[in-house]
Amino acid sequence: MMHADVEEILLSGEEVQARVAELGAQLAGDYEGRDPVLVSVLKGSIIFLADLVRAMPIPLSIDLMEVSSYGAATESSGQVRILKDLSTSIEGREVIVVEDIIDTGLTLNYLLRYLHDKQPASIRICCLLDKPARRLAPIEIDYRGFTIPDRFVIGYGLDYGERYRNLPYIGVLRPSVYGAATPE
Amino acid sequence: MAATLTSSSPRFAHQSEAELARILDFYGVAWRYEPDLFPISWNADGAVVESFAPDFYLPEIDIYLELTTLKQALVRKKNRKLRWLRQLYPEIRVKLFYARDFRALMVKYGRLDFLADVAAMNGNGPLNGE
């Protein structure tokens with residue numbers, strides 16, 4: 001059932017699950033015998049990560065990071081802060097960065113520089129949703145779930161004001177929820 | 001030399017440009033404000049009659065950004081200038097950020113208060129389309 005704040009279901013739960021299963025199988029094939037570590041960024045990516053790793057029947061480990069977001073932190077340091085760092089070393093490891101959505105690419109651009117400094121053997125990027133319309137930092141995406149149009153999406157981990165993460169599908173948030181008239 | 005937003009920052013033409021500079025600073029992306037002026041039309045004598053100076057250049061990414069929060073009629077004029085720029089200088093990369101793109105960024109970062117302030121200063125409705 002569609003949430004009242006959702007204007008349109010962009011990707012149904014079934015479509016998402018099917019694509020995540022495909023990505024998991026592809027990753028499992030590519031990383032067989034390589035013991036990758038999947039690094040995910042809180043909070044939006046956790047549901048994608050949880051489903052993705054269960055579709056990867058190979059030895060692997062996971063780690064989580066959290067970084068401050070611009071809007072929440074503008075009054076403090078004025079720069080990205082690592083709120084939660086990796087729990088284990090990734091030096092010499094095969095890293096797969098798991099992201100829910102890549103929009104401007106600014107957060108991931110920062111994270112990739114940070115992770116490269118830790119000297120992993122490789123870093124590849126797996127994102128569920130690629131929204132290229134407003135991309136500022138060029139990001140080479142190795143594994144992509146869906147390319148989506150320039151809409152404000154929620155669900156399957158994605159939030160607006162910390163809500164809607166638990167929706168099983170990817171939906172378009174009604175502009176009236178964030179106070180905007182419908183764009184032309 | 002790339003800039004960061006400090007007390008000696010450039011004088012931005014619009015508050016939205018200063019906000020974008022703050023976002024770039026936040027994510028550690030180096031930027032320069034209006035560093036280059038590109039001639040885009042000339043008269044019969046060869047004198048430059050029209051130029052285009054994109055708002056930002058991001059040297060590490062090698063891309064120019066033009067931010068527009070203007071009315072639709074002026075956006076069309078800017079689109080035309082951008083089209084000429086791309087034809088005359090195909091080697092440079094320019095990305096135009098429309099009002100709706102900037103608005104979406106502000107929504108994403110929870111900066112609706114900033115949008116409202118800018119709209120009030122401009123005498124526009126706060127979140128309407130162009």
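Leaving aside neighbours within four places in sequence, Arg111(B) is in contact (heavy atoms within 4.5 Å) with Tyr70(A), Gly71(A), Glu19(B) and Met106(B). The model is predicted, so local features need pLDDT of at least 70 and side-chain atom pairs pLDDT 80 or more, whereas totals for chains, interfaces and linings use all residues. Residues are numbered from 1 along each chain as its sequence is written, chains are lettered from A and ligands numbered from 1 in the order in which they are written, and side-chain values use heavy atoms, with hydrogens and water left out.

Arg111(B) lies in the loop between H3 and helix H4 (112-122) of chain B; helices (H or I, at least four residues) and strands (E, at least two) are DSSP runs numbered from the N terminus. With a relative accessibility of 12%, Arg111(B) counts as buried, where buried means under 20% relative accessible area, exposed over 50%, and partly exposed in between (1.4 Å probe, protein chains only). Helix H3 of chain B (residues 99-108) is mostly covered, eight of its 10 residues being buried. Among the buried residues of H3(B) are Phe102(B), Arg103(B), Leu105(B) and Met106(B). Gly110(B), which follows H3(B), has a positive phi near 65°.

The contact between the chains draws on 31 residues from chain A and 28 residues from chain B. About 2500 Å² is buried between chain A and chain B, and carbon and sulfur atoms give 63% of this area; buried area is the accessible area (1.4 Å probe) that two parts lose on being put together, summed over both. Of the area that chain A buries against chain B, 31% is supplied by Tyr70(A), Arg134(A) and Leu136(A), more than by any other three residues.

Across the interface the rule finds one salt bridge, defined as a side-chain nitrogen of Lys or Arg within 4 Å of a carboxyl oxygen of Asp or Glu. This salt bridge joins the side chains of Lys108(B) and Asp103(A) (3.7 Å, N to O). On the side of chain A that touches chain B, helix H3 (70-73) and helix H4 (106-116) of chain A are the elements that give two or more residues. H4(A) provides the largest share, five residues.

Over all chains, the structure holds 20 salt bridges. Asp103(A) also forms a salt bridge with Arg134(A), the closest N and O atoms being 3.2 Å apart. Arg134(A) lies in the loop between strand E6 (122-130) and strand E7 (143-147) of chain A and Asp103(A) in the loop between strand E5 (94-102) and H4 of chain A, so the pair ties together parts 31 residues apart in sequence. Both Arg134(A) and Asp103(A) are buried. In a further salt bridge, the side chains of Asp51(A) and Arg54(A) meet at 2.7 Å, N to O. These two residues are three apart in helix H2 (residues 46-54) of chain A and are therefore separated by about one helical turn. Asp51(A) counts as buried at 15% relative accessibility, whereas Arg54(A), at 65%, counts as exposed. Lys43(A), Asp159(A), Glu162(A) and Arg165(A) are linked in a network of salt bridges.

In chain A, three strands form an open antiparallel sheet in the order E1-E9-E8; strands pair if DSSP finds at least two bridges between them. Strand E1 (6-11) and strand E8 (153-154) are the edge strands, each pairing on one side only. E8(A) pairs with strand E9 (residues 170-173) of chain A over two bridges, and the bridge partner of Ile154(A) in E9(A) is Gly171(A).
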